[in-house]
Amino acid sequence: MRRAHGDERFHRDGGGRRPSGRARVRGPGSFREELEGLRQAGLLRRMRRVEHLGPNVARVDGRPAILFASNDYLGLSRHPRVVEAAAQAVALHGASATASRLVNGTHALYAELEEALAAFKGAQAALVFATGYMANLGVVTALASSREDLVLLDRLDHASLYDACAMSPAKTTRYPHCDLPALERRLAEGPGAGRTLVVTDGVFSMDGDVAPLAELREATRAASAWLVVDDAHGTGVLGPRGRGSCAAAGLHPDVEIGTLSKALGSLGGFVVGDRALVDYLVNRARPLIFSTGLPPSAVAAALAALRAAEAEPWRRERVLALAARARAALAAAGYEVLPGKTPIVPIVVGDERLASALSEACLERGVFVPAIRTPSVPAGRARLRMTLCADHTDGQLEQALAVLCEARERLSP
Ligand SMILES: *Cc1c(COP(=O)(O)O)cnc(C)c1O
């Protein structure tokens with residue numbers, strides 16, 4: 001590795017660990033060995049084949065199942081006005097942006113979406129990226145662009161933020177999850193010669209909890225550091241009018257990042273902040289400059305979804321109520337359910353193989369709840385990650401809860 005990352009492994013427990021053979025010369029054949037190691041550890045990943053049959057229902061690897069795995073929390077990817085907007089945009093503008101926005105110009109639809117996002121978040125300006133992942137790469141590499149800069153990350157921040165740090169020359173350290181005193185100790189060591197960024201998820205994607213944003217705002221102000229919040233999972237769902245976890249905490253970070261790919265049911269990422277920040281990113285954010293813009297259909301869909309999210313508040317009320325019902329029922333059945341008030345219901349089972357077995361058992365009974373294992377979560381904290389959508393029916397949830405409870409009785413030690 002080029003730089004020190006303190007004494008810590010790069011991203012979460014097990015993130016950089018190889019199952020075997022680290023010291024040996026690793027020829028092309030070593031892939032097979034490494035995959036076999038993953039399989040033996042219960043950590044092999046593969047992509048399931050999914051054929052959608054209707055809202056939240058699909059054939060998963062050939063088996064019909066109700067899906068509890070998507071981040072489409074408000075069900076907007078299937079909203080008639082969202083679908084219609086995407087279709088119209090393709091008909092009018094074609095299927096592709098055809099070049100980087102800095103080369104082939106920015107379509108008027110982008111400007112409209114960016115104005116709507118800035119207004120939604122109560123910020124001066126917004127900038128849309130191809131994905132949330134790329135927005136994170138762009139923001140962190142543009143703002144932490146020198147060796148003098150320092151980036152402090154929550155241990156459970158999203159992988160894209162860790163990847164962004166790997167692309168930045170800045171010094172990176174992580175603090176224990178939501179541990180304010182640890183962060184403050186680090187900040188008290190004083191600013192470096194450059195910028196100090198404190199970068200946190202608003203809602204943590206695998207634990208479904210919310211960062212202590214008010215305290216982080218205070219701590220960063222006191223230390224003249226930047227507060228950067230990635231609110232991929234809060235946007236559209238939490239806070240007044242669904243404006244996200246920062247609005248729920250009644251504050252503005254220095255930089256807020258979001259995605260169009262979760263509650264907004266489309267594809268893309270975005271950054272909101274001051275006009276000068278956006279102008280700076282247009283000049284310095286390489287993932288924006290060197291990659292093709294979003295297709296007009298995705299932009300039009302996101303814009304329609306944003307309007308639908310604001311016009312139909314029942315969607316966020318419904319998804320939060322469903323999640324609360326699931327949490328209560330699963331905890332009552334003896335599962336360790338992480339507390340929270342988001343559509344993400346993490347059911348921690350610990351053992352990697354048990355998580356996979358539970359997920360498989362549920363799928364056999366027509367309910368798909370994915371197993372999440374290291375390195376997405378720390379080793380030994382494997383879980384089922386159940387996510388709710390506003391358009392899950394009561395019956396679908398009841399069936400899922402029954403299947404999950406039955407699987408636990410049968411498989412848990
Ligand atoms: C999903 C996610 C991203 C990536 O967003 P995409 O638009 O899917 O690339 C970034 N940050 C967090 C916290 C996420 O959960």
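Start with valine 337, which faces isoleucine 347 in β12. Strands here are DSSP E runs of at least two residues, helices are H or I runs of at least four, both numbered from the N terminus. This is a predicted model, where local features need pLDDT of at least 70, side-chain atom pairs count only at pLDDT 80 or more, and totals for chains, interfaces and linings use all residues. Residues are numbered from 1 along each chain as its sequence is written, and side-chain values use heavy atoms, with hydrogens and water left out.

β11 and β12 (residues 344-350) run antiparallel, joined by two bridges; strands pair if DSSP finds at least two bridges between them. They belong to an open, antiparallel sheet of four strands, ordered β11-β12-β15-β14. β11 (336-337) and β14 (371-372) are the edges, each with a single partner strand, so one side of each has no neighbour in the sheet.

Last, the helix α1 (residues 30-40), where leucine 35 sits. Is leucine 35 buried, partly exposed or exposed? Leucine 35 counts as partly exposed because its relative accessibility is 45%; buried means under 20% relative accessible area, exposed over 50%, partly exposed in between (1.4 Å probe, protein chains only).
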